[in-house]
Amino acid sequence: MGRTATFESAQAVRAARDLFWDRGFEAASIADLERATGLNRSSLYHAFGSKRGLFDAAVADYLETVVRPRLLVLRDGAGTSGLLAYVDGLRLAIETLPADSPRRGCLLVNCAAGLAGHDDAARAVVDAYRAELTAALRQALAAASDDDDDARLGAHARTLAAASMSAMLLARVNPGAAAAVLGDAREQILAWSR
């Protein structure tokens, strides 16, 4: 019986993740979450404690199944090829998703534009994501360049992180503009690694 609950919990978290990704925390009602997960209100509250508890579980799942696998290309001395693979992967995701996909943009960037503006816990999660992304980009930039100036590498990493995050926000309203931002980031990577 415990095994079934775990499986249903994982399915419910992923279904809720996609709903939150699409609509944001505030716009996803309990009735919407019931429909998306196939669980009734009492089951959702029993399993997750609250709508916020389900959101937190969805964000944790998003970090582990979407964000961190995408950041792997930036680690372990990946250098220019890793940076290009990261940017090209984001661009491909933006360009190939159907317009009605709930997975447009980035759940955490979408959260930053809503819930995180007035919720300290959500703000901390989004800021930790930004820091993790920046650190991974900095590591790849260091491997891609002879430049050992920490301040300059940090500035480049922050610029690429900002471009990535803004592209993921733009992806929700103008995928072409988002792809263009990532194309510009690609050109900057090539210029920095020369």
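These legends go with a set of close-up views of one predicted model. Residues are numbered from 1 along each chain as its sequence is written, and side-chain values use heavy atoms, with hydrogens and water left out. In this predicted model, local features need pLDDT of at least 70 and side-chain atom pairs count only at pLDDT 80 or more, whereas totals for chains, interfaces and linings use all residues.

**View 1. The largest cavity is lined by nine named residues: Tyr62, Val67, Arg70, Leu71, Tyr86, Leu90, Cys106, Tyr129 and Met168.** Rolling a probe the size of a water molecule over the atoms shows where empty space is left. Here the search runs on a 1 Å grid over the protein atoms alone, and a cavity is a set of points where a 1.4 Å probe fits but cannot get out; lining residues have an atom within 4 Å of a point. Grid points are joined across faces, edges and corners, and a volume is the space filled by probe spheres set on the points. The count comes to two cavities of 30 Å³ or more, and the largest has a volume of about 80 Å³. Helix 4 (51–71) and helix 5 (79–96) are the elements that each give two or more residues to its lining. Helices (H or I, at least four residues) are DSSP runs, numbered from the N terminus. Helix 4 supplies the largest share of this lining, four residues. By class, the lining has eight nonpolar, no polar and one charged residues; Ala, Val, Leu, Ile, Met, Phe, Trp, Tyr, Cys and Pro count as nonpolar, Asp, Glu, Lys and Arg as charged, and the others, Gly among them, as polar.

**View 2. Valine 67 sits in helix 4 and is one of the residues lining the largest cavity.** Valine 67 is buried, with a relative accessible area of 7%. Buried means under 20% relative accessible area, exposed over 50%, and partly exposed in between (1.4 Å probe, protein chains only). Look also for leucine 108: its C-alpha atom is 9.6 Å from that of valine 67, although the two residues are 41 apart along the chain.

View 3. A disulfide is a pair of cysteine sulfur atoms within 2.5 Å, and a search of the whole structure finds zero of them. Both cysteines are out of the way of the probe: cysteine 106 is buried at a relative accessible area of 1%, and cysteine 111 is buried at 9%.

View 4. Helix 3 gives the most, with three residues. Sorted by class, the lining residues are six nonpolar, one polar and one charged.

**View 5. Helix 2 has buried residues at Ile30, Asp32, Leu33 and Thr37.** These residues cover an arc of only 155 degrees around the axis, which puts them on the same side of helix 2; the arc is that of the directions from the helix axis to the C-beta atoms. Aspartate 32 is buried, with a relative accessible area of 12%. The C-alpha atom of aspartate 32 is separated by 9.9 Å from that of phenylalanine 20, 12 residues apart along the chain. Just after helix 2, glycine 38 takes a positive phi of about 80 degrees.

**View 6. Residues 29–48 carry the UniProt annotation "DNA-binding region", from an unreviewed entry.** UniProt positions are given in the numbering used here, feature names are shortened, and annotations may be inferred rather than shown by experiment. In the model, this span is 80% helix and 0% strand, and its end C-alpha atoms lie 15 Å apart. A strand is a DSSP run of E, at least two residues.

**View 7. The largest pocket contains about 280 Å³ of space.** A pocket is an open set of points with protein on both sides within 12 Å along at least five of seven lines. Of the 16 residues that line this one, the closest to its centre are Ala93, Leu97, Arg103, Arg104 and Gly105. Helix 1 (2–27), helix 4 and helix 5 each give two or more residues to the lining. By class, the pocket lining has 10 nonpolar, one polar and five charged residues.
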